[in-house]
Amino acid sequence: MVFRRLSISGTSIGSIRETQEMLDFCVKQNFTADVEMIVGKEIEMAFARMLQGDAKYRFVIDMEKTDWWQL
């Protein structure tokens with residue numbers, strides 16, 4: 001494996017089935033994520049805020065309100 005540069009890797013977040021079970025549980029318990037919606041032209045501002053530690057929530061890009069040339 002070394003000379004052919006092959007590797008074995010995995011993830012500890014679980015299988016697709018386990019992820020779906022977790023999402024179903026969150027729906028039943030009414031757990032939601034706090035997000036801040038931005039449009040494409042605000043990506044650089046959001047990145048700068050993240051680097052400064054000013055991002056309180058996850059940034060989500062609203063693609064319906066984003067024109068393709070804003071990306």
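I started with N30, which sits in the loop between α1 and β1; helices (H or I, at least four residues) and strands (E, at least two) are DSSP runs, numbered from the N terminus. This is a predicted model, so I keep in mind that local features need pLDDT of at least 70 and side-chain atom pairs count only at pLDDT 80 or more, while totals for chains, interfaces and linings use all residues. Residues are numbered from 1 along each chain as its sequence is written, and side-chain values use heavy atoms, with hydrogens and water left out.

**Positive phi**

N30 has a positive phi of about 60 degrees although it is not a glycine. Is N30 buried or exposed? N30 is exposed, at 63% relative accessible area (buried is under 20%, exposed over 50%, partly exposed in between, with a 1.4 Å probe and protein chains only).

I noted R5 as well: its phi is positive, about 55 degrees, and it is not a glycine either. R5 lies in the segment before α1 and counts as exposed at 78% relative accessibility.

**Strands**

Next I looked at how β1 and β2 go together. Strand β1 (residues 35-38) and strand β2 (residues 58-61) run parallel and are joined by four bridges; two strands pair if DSSP finds at least two bridges between them. From β1 the chain passes through helix α2 (residues 43-52) to reach β2, and this β-α-β crossover is right-handed. Right-handed here means that, with the strands pointing away from the viewer, the path from the first strand over the helix to the second runs clockwise.

For the partners, I found E36 bridged to F59 in β2 and I38 bridged to I61 in β2.

I also checked I13, in the segment before α1 (16-29). I13 is exposed at 67% relative accessible area. I13 and I38 are 25 residues apart in sequence and 28 Å apart in space, C-alpha to C-alpha.

**Salt bridges**

How many salt bridges are there? I get three, taking a salt bridge as a side-chain nitrogen of Lys or Arg within 4 Å of a carboxyl oxygen of Asp or Glu.

One is E21 with R17, the closest N and O atoms being 2.7 Å apart. Both residues lie in helix α1, four residues apart, about one turn of the helix. E21 is partly exposed at 44%, and R17 is exposed at 55%.

Then I turned to E36 and R49, whose side chains meet in a salt bridge at 2.8 Å, N to O. E36 lies in strand β1 and R49 in helix α2, so the pair ties together parts that are 13 residues apart in sequence. R49 is buried at 17% relative accessible area, whereas E36 is partly exposed at 24%.

R49 also meets D54 in a salt bridge, 2.9 Å from N to O. D54 counts as partly exposed at 36%. That puts E36, R49 and D54 in a network of salt bridges.

Last stop was D62, in the segment after β2.

Leaving aside neighbours within four places in sequence, I found D62 in contact with M37 and I38 (contact means heavy atoms within 4.5 Å).
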